[in-house]
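Have the sequence and the 3D view side by side. The text below walks through them piece by piece.

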Amino acid sequence: MDLEVTDVTVRFGGNTVLSDVGLDAVSGGITSLIGPNGAGKTTLFNVITGVLKPTSGRVMLGTNDMTSMPVHKRVRLGLGRTFQRLELFGTLTVEENLRVAASAIPRERRTSEVQRVIQQLRLQQVSDVRADTLSTGTGRLVELARALVGEPSLLLLDEPASGQNDSETRVFSEVLVDLADRGMTILLVEHDMNLVMAISHRIHVLDFGQLIASGSPAEIRSDVRVQAAYLGQESLEVGSGRRRSDVSTGAHP
Amino acid sequence: MREFVGFTITGLVTASIYAVVASGLTLTYATTGIFNWAHGALAAIGAFVYWQCTTLWGWPAPLAMILCVGIIGPVLGVTVESGIMRRLDGTNEITRMAVTLALLVGIIAGINWIWDPQMTKVVLPVFNGKAIEILGQRLPVYDLLVMAVALLVGIVMRWVLYRSRAGVQMRGIVDDRSLIILNGVSPVRTAQTSWVIGSTTAVLAGVLIAPKTSLSAGSLALLIMNAFAASVVGRLRSLPLTILGAAILGLSTAYAQGYVGSRTDLPGGQYLIGLVNVVPVVVLFIALQFLPQERLRAAKSQQARELSNRPTWNGSLWLVVAAVVVTAAIAPLLAPGDLHNMTKLWGIAVIALSLVPLLGWAGRLAVCPFAFAAVGALISAHLAPDGQIWGLVLAGVGAAAVGAILSFPGARLSPLYLALATAAFAVALDNWIFRLPPFHLVIRIPFTEVTLYRHQLDIFQGGSLAMRRPKVFGFDLSGDQAFLIFASIVFGASVLALTALRRSDLGLRMIALKDSPIGYATVGLNRQVTTVAAFAISAGVAGVGGALYGAAMQRPSPDAFNFFSGLSILVIVVVLGASTLGSSVGAGAFLAAPVLVNVFPSLAQVTPTLTAAAGVSLGNNPNGSIRSDIAPQWSGVGQRPLLLGGGLAVLAGVYLATLGDLISNWFFAGACVAFVIVMPILGRRATRALASPAGSAVPERRLSASPEQLAQSLPLGADDLSYLDDTFGITPGVGRGS
Amino acid sequence: MIPLDSLIELRGVHAGYEGVEVLRGIDLVVPAGQVLAVLGPNGAGKTTLLSVIAGLVRPTRGDVLFGGRRVTGVDPVALARAGLCLIPEGRGVFANLTVAENLWLAAGSDRSREVVESRAFEVFPRLGERRDQLAGSLSGGEQQMVALSRALVSDPAVLLLDELSMGLAPMVVDDLYRRVVDIARMGVTVVVVEQFVRTISHIADRGIAVISGRIVLDGRIEEISPQLHSAYFSSSEEVST
């Protein structure tokens, strides 16, 4: 199912954190959300997962309006997510972690579903290991596995590459590509540009709470606004006028 | 109108004391994150010391007051902070609460130890008998003094918080703990200051309240706990709202007392008199309903220090067999009086067992195990008056329902507020429900005279509940010995049921909820439902335990289910390990076995005091002593069946000799003690002897995970490296370069 | 004697959280009086670098030296008193305290409130007008002024700034950085973490780029800024070779 976010605005007090942000993520593709610190990525992520209610706007999954649903109902609709900081059930084993997730699906499918996910992510070796003794890289795979129990249609990943080494990131990205090929909708919030550029089909860029660009990795790489947002270099064409238009030439006052 | 003014003034006097208490409590919680359940106990210390000085030693009141407020209060604060609270870093909220609850139990036991609780203690107020006429009311000068002191406390506290550097630092720490460090302010010092203020206000409140009530440690602590409701109104953050809460509390109590409490002529008046005592409880419940939902927050960076291992079937079976066999073996040896006292043991153990799923697994705290137990006992007594065996089942089901209903409104709140709600529930039962006069329950079809159901309900049957011991399959269990063995079997069944629960999906879900609430919500599970389920299960087990406990006593009084005795159970369970099923046996043994009191009758308070002392030290060892101290001792024995069998055989021989009156009971007791001491030592010897001749490394040593995982992703620890070095014959140090 | 050529020094520092290694071998020497810009993409370890210097995060390996003395593992409270002033990311103010109270907390115990306030309000007159307002009710720029005032009134030896510009309009940012320049002129060593080169190109003497927990570029800011684009958008290995 496709995810569609329309005109989402979030205000905290007088502070506008997101203003009229709209984006979509289609099934069978990996969509990434990037932007500098403080751009509002986490806020948007929280709006989609249901941790935060937007001031206005709408979040749709397929034909279902999720805007004001509690977290566990969104999950039943097919939303799965991972966390920037691991949120595993630390004192349980990997298999038990997955069994807990499976208790939200019909009883007769539970055991087979847990086994399916363990096999899909090749976690057989660690299935009896306590989750809080895993390395972060493996922990991220387990968290992904937990989110995959019950075959969600939409997968939201919050900075999965942080804390992973290069080979772990490679394994992780292969899994993501494979999942997308099977028709899952994946939305990725990530700092690691290599990962984002390598596996995304489409990238949305947030800056100052506004969507400043959307496009393919190649388009984003060459987008002047994105470069400006990331490097602080402004080009004269930028439309919003919120930034002062001076090109950094290294001129000193 | 005159009446109204009078009640209002009385209410404001009460409110003043509540305001002093609650503002100190709020301040401590907001700055340190530790909710001090022992706040009322600190107040009791103040009241007793004041009584000692003025009444016994004849000191002038101002001098005694200066001693209490100027010295005792601050010293208590510093001691509590540096001796206990500072070590709680990195423990979870449940452990923190357990520690202050242990402190509460310990202080009350200590006070009863020092000052004979049987003795009536009266403190005369200063300016006794003097009064001033205000608005047509004669107002005792002492009451004016109380209000003046409260006002002064308010002004001083306001000044400290807004005009002194220490106060601004305290407010800063509430705002942002890490930023205060960057400002070069030590959070430890600030915490100490706030504990000093907290304990001083508590002691002051104790001194103020002393002349207004007869001194008893328990009831003083409870009286002060009423003020918790005011802190909840202030959401444990805001002092002005806390003071508003105190005003609501004081006035509503006074109006209830004045308009309802003294008038039996009102319809149902006799039932409402007791309600007056629990007005603060009602205020607390209402305030809880206005609290916002617990926010889902990502976990703290620290790894929790608490563990939760899964009980094995083997371990649980051992526990059950040991419980039943030992009970059956020891029962014939005991003197009738001791045996009778011990019949409570397994009832208490089952009640203690009820805390394991809630505290140890789901990570929620109910401080009222005895309240659920009382519900079970009442149901069993009223619905199965002839001791029918299904009375136990009904007790469990009924108590579970009560537990579910009680936790339902609070399930969305944080563990602290839920625990407060359970405390309020226990106090309401103690002070009101159990003391209700008999009433007639009549259900008839409306507008007709047809009666469907008529029952005269006398809840506690005028103070002692008649309970019959059951008959099972023709066995009469009314004798102490038979009943004790029956109770141990019920305990065994409960242990097995809980083992099954822990190993089931629901058990996993409870642990998962404790480990990561936000993760729990994200896999599509409803936190509230699981919380309510955990409460219902816990209450159900406690209900069964309560029915057993009541049947053991045969005529239990409401006092047998007293709130503080329940806290002792809680503290023992936490000390021994809240996630270990075996901790319940300890609770039963400590509280029901008469050994200590028999040997040292004058030291009835030793057991609770020692228990509380152990509880207070929980910060050092949050997983409880069974897992950290006892289990490692015995692991060597468990691995050597020959040794264990031999030891047990010797013990059995001694037992048979005792049974045959060849040797005295004391010899057998000595043999048991020797068994407990010697076996672990032999166990360690045997393990070492086995390991050394082979010349190999320690046998348990192995890799922390399979080699494939280690190669793929898991970090190699130092132990893994040295293991690999040994295995492959590499000289340590070579080939370990990065 | 304090060696002026290395007021802060990091030797082979590794650090991280919960087994996640964020810094992977940082060697850095900051001479007294320098204004150093730490650049790099999100998640590169810039904030952790500042936290290590301020003592909030203890390195898993390596050492931190301050004024030539080893301070690895020293209590951050002591470091703050010794003159390390870190203004954290976001707004480094106590939202529920007034402006005046924020300043009071910032100053050491030996200074009176009046002296502290007159000094801060001289530089930021706007704060004087808002003296009794809660810091949380101020605009983002004003909040950063309050945070910067802390550096003014506590007389630090080192000022560590973490993304002062985050979420602020460029004009406000420029104004704030002008104050930072003033502070630096008083002899304070400044380490600024920024994502944007432009914002600090005119104030920093030197820049380093941190990517994946390693320093990949180090030099005069105008030397390194042309290389930043490739550093950000391609892998760290390519840049470092």
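Predicted model: local features only at pLDDT ≥ 70, side-chain atom pairs only at ≥ 80, totals over all residues.

Residues are numbered from 1 along each chain as its sequence is written, while chains are lettered from A and ligands numbered from 1 in the order in which they are written.

Start with confidence. The model scores ipTM 0.87 and pTM 0.82. pLDDT is the predictor's confidence in each residue, on a scale from 0 to 100. Its average in chain A is 83, and 89% of the residues there score at least 70. Residues 233–253 of chain A fall below 50, and that stretch has 33 contacts in the model beyond near neighbours in sequence. Two residues are in contact if their C-beta atoms, placed from the backbone, lie within 7 Å. Chain C averages 85, with 93% of the residues at 70 or above. Its confidence is highest in strand 7 (residues 158–162) of chain C, at 93, and lowest in helix 10 (residues 236–240) of chain C, at a mean of 38. Helices (H or I, at least four residues) and strands (E, at least two) are DSSP runs, numbered from the N terminus.

Now look at chain A. Nine helices and ten strands make up its list of elements. Of its 253 residues, 52% are buried. Buried means 20 or more other C-beta atoms within 10 Å of the residue's own; exposed means 12 or fewer, and partly exposed lies in between, with C-beta atoms placed from the backbone. Among contacts in chain A with a separation of 6 or more, 63% join residues 24 or more positions apart.

Turn to the sheet in chain C. It is open, has six strands in the order 6-7-8-3-9-10, and its pairing is mixed. Strands pair if DSSP finds at least two bridges between them. Strand 6 (84–87) and strand 10 (214–219) of chain C are the edges, each pairing on one side only. The twist from one strand to the next averages 15°. Strand 3 (residues 35–39) and strand 9 (residues 206–211) of chain C run parallel and are joined by four bridges. Angles run from 0 to 180 degrees between N-to-C directions, and axes are lines fitted to C-alpha atoms, for helices over the stretch in contact.

Next, where chains B and C meet. Here 16 residues of chain B are in contact with 20 residues of chain C. On the chain B side, helix 6 (165–175) and helix 7 (177–182) of chain B each supply at least two residues. Helix 6 of chain B gives the most, with six residues.

Finally, check two backbone angles. R122(A) is not a glycine, yet its phi is positive, near 55°. R122(A) sits in the loop between helix 4 (110–120) and helix 5 (136–148) of chain A. It counts as partly exposed because it has 13 C-beta neighbours inside 10 Å. L236(B), also not a glycine, has a positive phi of about 55°. The loop between helix 10 (228–233) and helix 11 (239–261) of chain B holds L236(B). With 23 other C-beta atoms within 10 Å, L236(B) is buried.
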